[in-house]
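Biologist: I'm new to this one. Can you put it on screen and walk me through it?

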Amino acid sequence: MLKIANSKIGLTKRLQDAARTMFDGNEKTEEFSLIGSQLDAYNYILDSILKNDKNNEKTVVVVKGGPGTGKSVIAMRLIAGLAKTGNFNNIFYSTRSVSLIKGYTDILKEVSYANGDDCNAIDLLKKNIKIKPHYSDECKGESWIDALVVDEAHRIEKSSNDQNERNKRNQTHLSQIMNMIYSSRVSVFFIDDFQSVKSIEIGCSENIKKAAQSYYDNIIAENEAYLNGGKGAYHGGIPTVKKDLKRTEINYQKVLASGDDKKINDIEKKLRSLKGELEFAMEWISDATPSRVKVNYMEFELVDQFRCNGSNNYVDWIERVLYNTPRTQNVKFDNTKYEFEVFDSPTAMYKRVREKDDFGRFADEMLAKGFSYEDVLKAAKNKEFKQSARLLAGWCWPWKQDKLEENGDLLHEISITEEDKSVFSIPWETLAGGRKPTGVYKKMYAPNPEVWLHDINGINQAGCIHSAQGWEVDYVGVIIAGDIKYDAKRDCLCCNENVQNKDRNVPKKGVDRDRIIKNIYRVLMTRGKKGCFVYACDPQVREYLKRLLEQ
């Protein structure tokens, strides 16, 4: 493994602010995109990609790094750099993160990566589930992608199939990791093994390494499992499909006799889906049989981090707080490098978060003088807000937004009773399918979770792991919900199985639940470039954090 760690550490420019400059060809702006060891890694990987022009070889690169080490910066710069060379037919930036895709789409619209009307930068963005052999008739088969850059690779899932996909030619029986390696001549995976936050996520560096080093054997094994219904087969394989088809055909006759048009329509759709899968099954297997190519595997580790004021100490200390690993169990927090504070009141913490956000502070000052929120937004159009802060929370409160507060406000689903019996409450990010606020609250919130973090009105809402992962702001306030508790016997934190996380992707019990919940809070508590403020619902957790701060 190559460790890249030589340059002086400093803050990265916010990636969303720098993304446009990566494609505009202005060399004077490019030094803001990468700093120090990030640039070393970028040049090394780009050179490796450019040298691998052989059709009978594949290259798999894994880039490991913790929060703020520059993974997303390098990933976006790689795509921009490769696009500018003009030497590749198909290059893509891929991620599971909907908020990243949405954010980059908004930022890169109308940005060209080369001369020509068909060179829009947003065409280089793909969701992970779109990377597979049968994505389209024009682009199918082995190595149809010249270079694939996978950001947030720890969010790679077991399957690449969209269950709502009507065209079965776009489905695949291969695992998502194998789809990516199979479909690409060069694939680069940027990964943090501690950021997996769903039980369906299989993207860890060890899994990718095994997939690359046993490429041919792995695909043959997945083909056979699918055909014969072996262990790990996609939804049971062909034998299961045949059983489902036979059962559905029998039920179809009963449904026809009922005369219920809706039920008839639904079962006919299911029949078409199952018949389509059988019809194309052998074609899938034939197309997915790989050639015996050489697979070059490279692994990098980024050890310098640029987010938390360049403080490796803070990231190590957070890992001590959450995991208490042998490597970090004696780490002491250095408060000269990063701003961190534990609050006994969520109201007080949120007040500090708003004070750290330029727009939040500006809005509060105007509202205190009697101006309306509409006046605030009008005045904000002529101002630039450079510093941002956001409130984040563990997802242990309902997030339905199926109704409004009596005054027309978004439902304040996060609700915490303070020690003085007062109640702190705040709404989650605005759900696309939820109720929309009315009256004076109509323009007070970000329109959806995908833009919540970089919309100025997002300061009025709390975000969860799915809208925060992959992004960064200057300061974060984190509400540690009841799904984390203090274990006095072991003197450490652990998951609380009596308080369920509302995310259906978090296991209800077991070792995976503890790991995933801790990973969620590690992500949330490392989103801030300059500082993090914490309120824990469990007072024992607060006291534990304070004690570790003082040691």
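Biologist: Which residue lies over the face of Y42?

Modeller: R77 does, at 4.5 Å from the ring centre. A charge counts as over a ring if NZ of Lys or CZ of Arg is within 6 Å of the ring centre and within 35 degrees of the ring normal. Keep in mind that this is a predicted model, where local features need pLDDT of at least 70, side-chain atom pairs count only at pLDDT 80 or more, and totals for chains, interfaces and linings use all residues. Residues are numbered from 1 along each chain as its sequence is written, and side-chain values use heavy atoms, with hydrogens and water left out.

Biologist: What sits over the ring of F533?

Modeller: The charged end of R352, 5.4 Å from the ring's centre.

Biologist: Which ring does F533 pair with, and how?

Modeller: With Y475. The centres are 5.8 Å apart and the planes are at 10°, so the pair is stacked. Rings of Phe, Tyr and Trp (its six-membered ring) pair if their centres lie within 6.5 Å; planes under 30 degrees apart count as stacked, over 60 as edge-to-face and the rest as tilted.

Biologist: How many aromatic pairs in the whole structure?

Modeller: The search finds 18. Take W317 and F340: centres 5.1 Å apart, planes at 75°, so they are edge-to-face. W317 is in helix α10 (residues 312–322) and F340 in strand β8 (residues 339–343), so the pair ties together parts 23 residues apart in sequence.

Biologist: Is W317 buried or exposed?

Modeller: Buried, with a relative accessible area of 0%. F340 is buried too, at 11%. Buried means under 20% relative accessible area, exposed over 50%, partly exposed in between (1.4 Å probe, protein chains only).

Biologist: Which cluster do ring pairs make?

Modeller: They link Y314, W317, F333, Y338 and F340.

Biologist: New topic. How many disulfides?

Modeller: The search finds 0. A disulfide here is a pair of cysteine sulfur atoms within 2.5 Å. For C492, the nearest cysteine sulfur is that of C494, 5.9 Å away.

Biologist: What is the mean pLDDT of the chain?

Modeller: It is 84, and 86% of the residues reach 70 or more. pLDDT is the predictor's confidence in each residue, from 0 to 100. Over residues 1–13 it stays under 50.

How values were computed
Helices (H or I, at least four residues) and strands (E, at least two) are DSSP runs, numbered from the N terminus. Contact means heavy atoms within 4.5 Å.
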